[in-house]
Amino acid sequence: MPTPPRAVLFDLDGTLVDSAPDLCNAVNRVLADLGRPPVALSRLRQVVSKGGRAMLAVALPDLDDAAREARLAPFLAYYGEALANDSVAFDGVDELLAALDARGIAWGIVTNKPEGLARGVVEGFGWTARCKVLVGGDTLPTRKPDPEPLLFACTQLGIAPGDAIYVGDDQRDIEAARAAGMPSVAALWGYREPHEDPSQWGADHAFDGAAGLLASDLLPP
Ligand SMILES: O=C(O)COP(=O)(O)O
Ligand SMILES: [Mg+2]
């Protein structure tokens, strides 16, 4: 069995939390402001891990960049008003986090979502006291796929990057982990578009569900 990690760092959207429903609600409020019909959740969820701009590009493909950018602040404000209403933890996540707590393995979150919104989601799920570190997309000058947010999280925890693992559902998550010198886990249960092939991302490990990660030999029994 490999040496157990001292910490498990997670991406948020598409890895711990199925946040697409609340994000879709916020996008649809933007569309309603423009007198447009709602976008289908099934289409939007594919790009949720690519961030707000990617979601607005799906919802408003005909707008030019400046017009679309102007909708980003209202979108984030709408999302901030209701960020843990229809979102749910993915299957097996509650059990995984409980097992980490029980085994004394710290866990935290490194997301590209703005830190304030991410903290709101974590609060909504009742995880604040248990989540030992949270780095958002605006916490530092750079974000994933840059390794700096992962390295910063390790500094906060007082551990070396090689003593953690990073679990994420997007290619840039795996790239960030590799650049940080941290073993990576592809969360195949998350969000991606049909053309994306996670087997090409170079992740060190990949699981179809959080239960698979929990049952694997990456974590102590
Ligand atoms: O909001 C984003 O940019 C995506 O968030 P994630 O990094 O938690 O997937
Ligand atoms: Mg994600």
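By class, one nonpolar, six polar and four charged residues make up the shell around ligand 1. Gly counts as polar here; Asp, Glu, Lys and Arg count as charged; Ala, Val, Leu, Ile, Met, Phe, Trp, Tyr, Cys and Pro count as nonpolar. This is a predicted model: local features need pLDDT of at least 70, side-chain atom pairs count only at pLDDT 80 or more, and totals for chains, interfaces and linings use all residues. Residues are numbered from 1 along each chain as its sequence is written, while chains are lettered from A and ligands numbered from 1 in the order in which they are written.

**Ligand shell**
- Residues around ligand 1 include Asp11, Asp13, Asn112, Lys113 and Asp170; the cut-off is a C-beta atom, placed from the backbone, within 6 Å.

**Annotated positions**
- UniProt, in an unreviewed entry, puts "binding site" at Asp11, Asp13 and Asp169; such annotations may be inferred rather than shown by experiment.
- They spread over 159 residues of sequence, yet the largest C-alpha distance is 8.2 Å.
- Asp13 sits in the loop between strand 1 (7-10) and strand 2 (17-18); strands are DSSP E runs of at least two residues, helices H or I runs of at least four, numbered from the N terminus.
- Asp13 is buried, with 26 C-beta neighbours inside 10 Å; the threshold is 20 or more.
- Asp169 lies in the loop between strand 6 (164-168) and helix 9 (171-180), and is buried with 25 such neighbours.

- Six strands form an open parallel sheet, ordered 5-4-1-6-7-8; pairing takes at least two DSSP bridges.
- Strand 5 (134-135) and strand 8 (205-207) each have a single partner strand, so one side of each lacks a neighbour in the sheet.
- Three bridges join strand 7 (residues 184-187) to strand 8; Ala186 pairs with Ala206.

Definitions and conventions:
Buried ≥ 20, exposed ≤ 12 C-beta atoms within 10 Å, placed from the backbone.
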